[in-house]
Amino acid sequence: MLSRLTHRLSLPKLQHWYIYGLATFFISTLLLSFGLVIYSSDGSQATKQRIYEDSLWNSLQFQLQSYRFLNYLVQIDENDLPLQGAAYAQYDLLMSRVDLLRNGEVGYLIRGLTGGRTVRLLNIITGELELISLNLSKIEAGDLSYLDDMTTRLKRLDNQVNEFTVLVSQDTNKYIAQQRRALGDKLERVRILMVCFLASLLLLCLCIAKGLSVYRKNHKDHKQRALEVQRIHDEKAKILTLVVQETRPQIQALLGQPGRHSGTKKSNSALSTNIKETANELLHTINMFSDLVLMDAQKLNLVSTTESLRSSLDNYVHIFAHKLQPKGLKLVTYVDPDLPDWIDLDFKRVKEIILELLQNAITHTSQGSISIHLRPSSVAPSQPHNGINSHTSNMLQIAIKDTGFGLEHALQKHLRTSPLTQSDQHSILQSDIGLGLSLCYQLVHLMGGDIHFSSEPNSGTEFWIDIPYHAAEKQPEKNNNFVCAEQKRALIFTRDEHLAKFLGLQLKDINIEAGLYSEGPHHEGEEIDLVIITEPDVISPETESHILHWQNNGALVLYDHQLELDPEQCPYLARAQSLTFPLTQSQLNIRLKRYFNAQKT
Amino acid sequence: MRALLLLIGFLFVVPAFALPEPTGPVLLTLTGNIANTNVGDSAQFDRKMLAALPQHKLTTTMAWVSKKERPHDYVGFSALDLLELVGGTGDILRIKALNQYVIDVPISDFVDYGAIFAIKKDGKDISIRNLGPIMVLYPFDDNKDLRHEVYYWRAIWQVSSIKVLTNSAQVD
């Protein structure tokens with residue numbers, strides 16, 4: 001909880017006015033940019049019109065060319081003949097200007113910007129020039145008698161040409177002045193916009209400066225509060241350590257106390273056992289609290305040790321032997337042969353995880369079996385976590401499965417949704433999922449692993465954990481495990497397929513092929529070397545005679561030591577041996593090694 | 001040996017006398033820094049002589065005249081070929097139009113941008129009324145850098161004479 005508070009404090013506290021300031025800046029910048037684009041675009045258009053569509057130049061050129069044409073006609077005399085198209089050339093030169101004034105962009109400008117009088121004048125001039133051109137062919141042919149008429153008509157046209165040029169000039173100047181004024185206005189607006197833009201930038205600078213100041217203040221506060229939080233964590237850890245230190249000797253003393261109570265010997269022993277178990281559980285609960293608080297204070301350091309995986313597992317499961325017996329539960333373990341025996345891992349924490357999950361399995365199983373399966377994981381190793389797996393290249397999977405009634409629906413929901421079960425959350429305890437599972441999830445995440453589960457009502461539950469490990473550099477050179485030289489056959493009398501499967505896995509490592517007994521004459525002619533009985537009620541009298549037959553042929557009969565069998569009803573019992581649970585690979589191996597070796601000699 | 005030197009000298013001298021006189025109406029007159037002339041100090045060209053120069057094709061619009069104008073195919077000669085023929089040396093061509101308008105065009109424009117002196121439009125000779133007979137044209141449609149007033153002004157129509165100058169400051 002404190003961790004979450006710390007995490008929340010890391011965000012800078014933004015003031016409302018600061019956000020409003022930023023929003024205002026963005027909106028105003030957007031509008032200003034939009035306005036600038038529009039005004040600059042219009043300004044550029046106005047400039048283009050001024051430069052490329054200047055009708056004034058063309059109208060003056062037209063006036064000049066009309067004088068040149070008149071001058072050319074006036075100066076023609078007999079000596080210039082033949083003209084060889086020179087008169088046509090002069091006329092075309094003039095008319096090319098008329099065409100420019102009538103068509104194209106300039107013509108469009110004249111029609112659009114000047115009054116109707118200008119257009120009418122241009123039409124009159126064009127018509128008159130077309131009429132004058134009719135006589136050009138005669139002059140080109142050498143008949144100069146038409147020259148006077150042509151020059152007179154051209155001189156009469158002079159007034160219209162002048163008026164046209166003046167009108168175009170006036171209107172064009174008016175248009176240019178108007179465009180320039182508009183351009184000036186737009187430039188003024190652009191200037192105002194730029195001032196606004198600068199003001200917005202200033203506002204942004206102020207916002208940033210204020211924001212930085214707030215951030216710095218918050219950062220300082222955050223650091224101070226983080227220190228306070230850490231101090232509280234330390235204090236909490238100290239108090240809990242003190243509680244553990246103070247209570248542990250007393251509980252341990254209680255554990256070491258022999259039964260001195262009055263009454264019968266049996267009742268004393270039961271009371272003493274009960275007290276010891278309760279004291280053990282109390283000590284365990286205190287340890288769990290201590291671990292959770294240390295994890296919250298980030299003071300729980302993982303300590304890797306190099307140990308034998310198989311031996312460690314054997315030791316862990318025997319701690320729970322007394323808890324399995326009252327319910328008649330059968331616990332079997334199996335370590336995959338592909339896993340190295342000696343590995344580097346924080347075995348103390350792995351033990352806590354396994355024991356908690358085992359406790360959970362026992363709680364949720366009224367009858368049947370529980371298995372612990374250690375195997376290589378298919379999950380890829382994650383990034384180095386807490387420095388414990390910086391040189392890790394393998395993942396170990398621990399699967400704990402039971403044949404119980406399954407996890408309650410509410411518990412499943414809490415496990416799937418609780419922030420505690422998510423690896424990136426820092427909540428330390430959730431009452432909905434209990435202290436044991438809380439500790440499990442926290443430890444697995446601390447070790448850089450992951451934990452999953454599946455549960456079905458009346459079918460059982462399976463938890464599986466993937467944690468990183470590193471194989472020890474030195475592995476035992478010699479494997480002392482017993483393996484039958486020739487493959488033997490075993491028959492298991494049970495209805496528990498889960499148990500049968502794990503017994504089968506254990507036997508397979510000793511080169512014994514195991515089969516599950518099924519009713520009927522299926523095993524009549526078979527030669528069986530090992531019989532394992534956990535549920536004798538599946539044995540019919542006929543099968544019993546087969547067992548006796550196999551026993552007479554040297555087969556070993558093992559039966560669950562918790563079964564209360566009548567030797568008279570079970571004739572094979574005289575030579576049978578009991579089998580205790582939890583059953584580990586090494587236990588079974590030693591038992592079979594001893595029997596089959598003795599049989600050889 | 002003397003005959004060989006005479007032959008080499010003849011090869012160098014011949015180009016100076018190789019420019020024939022125009023037989024038709026003169027369309028273009030070159031003056032200024034030119035080595036080969038055919039009439040006085042000038043080199044004069046009729047349509048036939050201009051058409052004999054290597055011809056280049058260019059398709060473009062004259063958007064500054066009319067935005068609605070469709071592209072036309074123009075064919076004409078390069079200033080480089082013309083200068084090679086007349087032995088012209090310089091950096092600037094002072095081009096004059098029939099209406100006496102004058103503009104200076106750098107010779108580099110004909111190298112860098114592929115400008116031409118167009119004498120045909122859509123396969124036909126260009127009349128004076130249609131802004132011919134010779135006009136300077138740039139590939140405006142192909143190169144957006146050319147769509148600028150500097151090049152629009154250099155695209156002179158109704159070209160009548162060219163003076164080859166070393167630079168724009170050179171006095172006529």
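A residue counts as buried when under 20% of its relative accessible area is left open, as exposed when the figure is over 50%, and as partly exposed in between (1.4 Å probe, protein chains only). The model is a predicted one, in which local features need pLDDT of at least 70 and side-chain atom pairs count only at pLDDT 80 or more, while totals for chains, interfaces and linings use all residues. Residues are numbered from 1 along each chain as its sequence is written, chains are lettered from A in the order in which they are written, and side-chain values use heavy atoms, with hydrogens and water left out.

Chain B holds 5 helices and 10 strands, taken as DSSP runs (H or I, at least four residues, for helices; E, at least two, for strands) and numbered from the N terminus. Contact here means heavy atoms within 4.5 Å. Of the chain B contacts between residues at least 6 apart in sequence, 59% link residues at least 24 apart.

Rolling a probe the size of a water molecule over the atoms shows where empty space is left. A cavity is a set of points, on a 1 Å grid over the protein atoms alone, where a 1.4 Å probe fits but cannot get out, and its lining residues have an atom within 4 Å of a point. A volume is the space filled by probe spheres set on the points, which are joined across faces, edges and corners. The whole structure has 3 cavities of 30 Å³ or more.

The largest cavity takes up about 80 Å³. Its lining includes F62(A), Y67(A), L129(A) and D158(A), and helix 3 (55-75), helix 6 (116-133) and helix 8 (147-256) of chain A each give at least two residues to it. The second largest cavity comes to about 40 Å³, and among the residues around it are L309(A), L313(A), Y316(A) and I354(A). Helix 10 of chain A gives the largest share of that lining, 4 residues.

What about the nonpolar cores, meaning sets of buried Ala, Val, Leu, Ile, Met, Phe, Trp, Tyr and Cys residues joined through side-chain atoms within 4.5 Å? The largest has 51 residues, and I372(A) and L396(A) have the most contacts inside it. Helix 12 of chain A brings the largest share of this core, 9 residues. Leaving aside residues up to four places away in sequence, I372(A) touches L313(A) and I354(A), among others. A second, separate core of 49 residues includes L100(A), I34(B), L50(B) and I156(B).

Definitions and conventions: 1 Å grid on protein atoms, 1.4 Å probe; cavity = no way out; pocket = protein on both sides within 12 Å on 5 of 7 lines; lining within 4 Å.
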